Amino acid sequence: MEIIRVQSPEGVKRITATKRETVATFLKKVAKEFGFRNNGFSVYTNRNRTGEITASQNKSLNLLKIKHGDMLFLYPSSPAGSSSETMDTSVSQGLRPVGAPQVVEDEIDQYLIKQDGKIYRNRDQQL
């Protein structure tokens with residue numbers, strides 16, 4: 001029995017596997033552990049999303065040189081991210097008050113917003 005760690009945005013989970021286990025069955029275990037129903041994720045050997053592990057019935061974990069204690073990196077696919085973005089926009093729209101009063105800025109704020117923010121000074125002869 002080997003324990004392979006899989007890191008995702010939700011945290012790290014340990015998946016038990018054997019050396020002769022196929023990549024496809026290992027990825028099914030990962031999907032079950034993280035709660036994915038379909039192929040809504042990708043697993044990589046490196047944190048910078050290189051070395052993607054694709055589901056294959058012919059390749060074993062031993063063939064891919066994945067051994068006990070290795071860390072793999074799981075990233076959800078873009079459709080999951082887009083649904084969370086739509087959820088975030090609906091929440092932000094719900095927080096906006098309908099009858100918010102109009103805020104009037106002070107004169108100094110209106111003057112400073114028109115400035116470029118630089119401090120102008122003459123050149124120092126010693127520098």
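Is Glu 105 buried, partly exposed or exposed, and at what relative accessibility? Glu 105 counts as partly exposed, because its relative accessibility is 47%. Buried means under 20% relative accessible area, exposed over 50%, and partly exposed in between (1.4 Å probe, protein chains only).

The model is predicted: local features need pLDDT of at least 70, side-chain atom pairs count only at pLDDT 80 or more, and totals for chains, interfaces and linings use all residues. Residues are numbered from 1 along each chain as its sequence is written, and side-chain values use heavy atoms, without hydrogens and water.

**View 1. The chain fold.** The chain holds 3 helices and 5 strands. Their order is β-β-α-β-β-β-α-α. These are DSSP runs, numbered from the N terminus (helices H or I, at least four residues; strands E, at least two). Of the 127 residues, 24% are buried.

**View 2. Surroundings of Glu 21.** Glu 21 sits in the loop between strand E2 (11-17) and helix H1 (23-34). At 10% relative accessibility, Glu 21 is buried. Lys 29 forms a salt bridge with Glu 21; their closest N and O atoms are 2.9 Å apart. A salt bridge here is a side-chain nitrogen of Lys or Arg within 4 Å of a carboxyl oxygen of Asp or Glu. Lys 29 is partly exposed, at 34%. A polar side-chain atom of Glu 21 also lies 3.5 Å from the backbone nitrogen of Phe 26.

**View 3. The Asp 70 salt bridge.** Asp 70 pairs with Lys 67 in a salt bridge, with closest N and O atoms 3.5 Å apart. Asp 70 counts as buried, at 18% relative accessibility. The salt bridge count is 2.

Definitions and conventions. Polar contact = N/O pair within 3.5 Å; in protein donor to acceptor, adjacent residues only side chain to side chain.
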